[in-house]
Amino acid sequence: MDLVGKCPPDPNSLDAAADRGFDSVELHLRPADLEDVAATAAAVEASPVDAATVHTLHARPDDAEPFRRSDALADRLDAYLVVHSQYAQHTHVDTLEGYDFDAPYGYENNPGASTFHLRNLVLDRGHDLVLDTAHLFMSQPDYFDGLTDLLRADGDRVRVVHFNDATPTEDGLPVGHGEVPLERTARLLDAHFDGRVVLEVMPDHQTDALRQVREWVG
């Protein structure tokens with residue numbers, strides 16, 4: 001698996017991600033980053049890190065322009081598009097599919113979405129899944145068994161994993177600050193997943209997360 005950082009697409013943030021030890025990052029977009037897609041892409045291309053993935057702007061599912069601009073940035077950077085918004089549910093997949101994304105893409109699982117739900121609304125419809133382990137922990141009482149089953153049965157449709165800690169009610173926590181069995185999760189991913197693992201914690205905690213996951217997987 002390839003360990004990836006996360007940061008906004010401005011020069012200082014991109015340089016800082018390289019200083020933290022990352023070769024590639026997932027881009028966390030803000031509205032201003034999509035005002036001039038070409039300029040944002042140029043800033044990333046001039047930076048010391050590659051854009052492995054681009055997370056869509058958090059927009060309402062019926063607002064096409066932010067999704068299309070996010071896709072245009074991912075396509076220009078030859079990056080994978082993570083389709084996710086706090087305003088969208090998996091019942092909105094048909095609406096989002098209407099935007100005809102050009103970049104390769106997958107739908108990130110929301111908190112509350114069980115494996116049953118994800119199979120019915122994402123995987124069984126032929127779409128890729130961006131698997132957020134913290135969101136799954138918040139949704140699935142048998143978290144580890146559910147994660148194992150997803151990777152074994154549907155791993156060919158999972159190209160990106162988001163990795164962070166969580167409690168049953170809060171996600172995005174630094175490694176070791178929640179209740180997810182992260183060491184077991186990291187070892188499972190190392191054994192059964194060959195894609196990108198985004199260490200989706202705040203920038204100040206990414207160096208520790210990178211060191212810890214590397215220790216767990218050797």
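D100 sits in the loop between α4 (93-97) and β5 (105-108). Helices (H or I, at least four residues) and strands (E, at least two) are DSSP runs, numbered from the N terminus. This is a predicted model: local features need pLDDT of at least 70, side-chain atom pairs count only at pLDDT 80 or more, and totals for chains, interfaces and linings use all residues. Residues are numbered from 1 along each chain as its sequence is written, and side-chain values use heavy atoms, without hydrogens and water.

**Positive phi in loops**
- D100 is not a glycine, yet its phi is positive, about 50°.
- D100 is exposed, at 57% relative accessibility. (Buried means under 20% relative accessible area, exposed over 50%, partly exposed in between; 1.4 Å probe, protein chains only.)
- D78 lies in the loop between α3 (64-76) and β4 (80-83).
- D78 is not a glycine either, and has a positive phi of about 55°.
- D78 is exposed, with a relative accessible area of 70%.

**The largest pocket**
- The largest pocket has a volume of about 470 Å³.
- Of its 23 lining residues, K6, H28, H58, E200 and M202 are the closest to the centre.
- A pocket is an open set of points on a 1 Å grid over the protein atoms alone, where a 1.4 Å probe fits, with protein on both sides within 12 Å along at least five of seven lines; lining residues have an atom within 4 Å of a point.
- Grid points are joined across faces, edges and corners, and the volume is the space filled by probe spheres set on the points.
- β1 (2-7) and α9 (203-217) each supply at least two lining residues.
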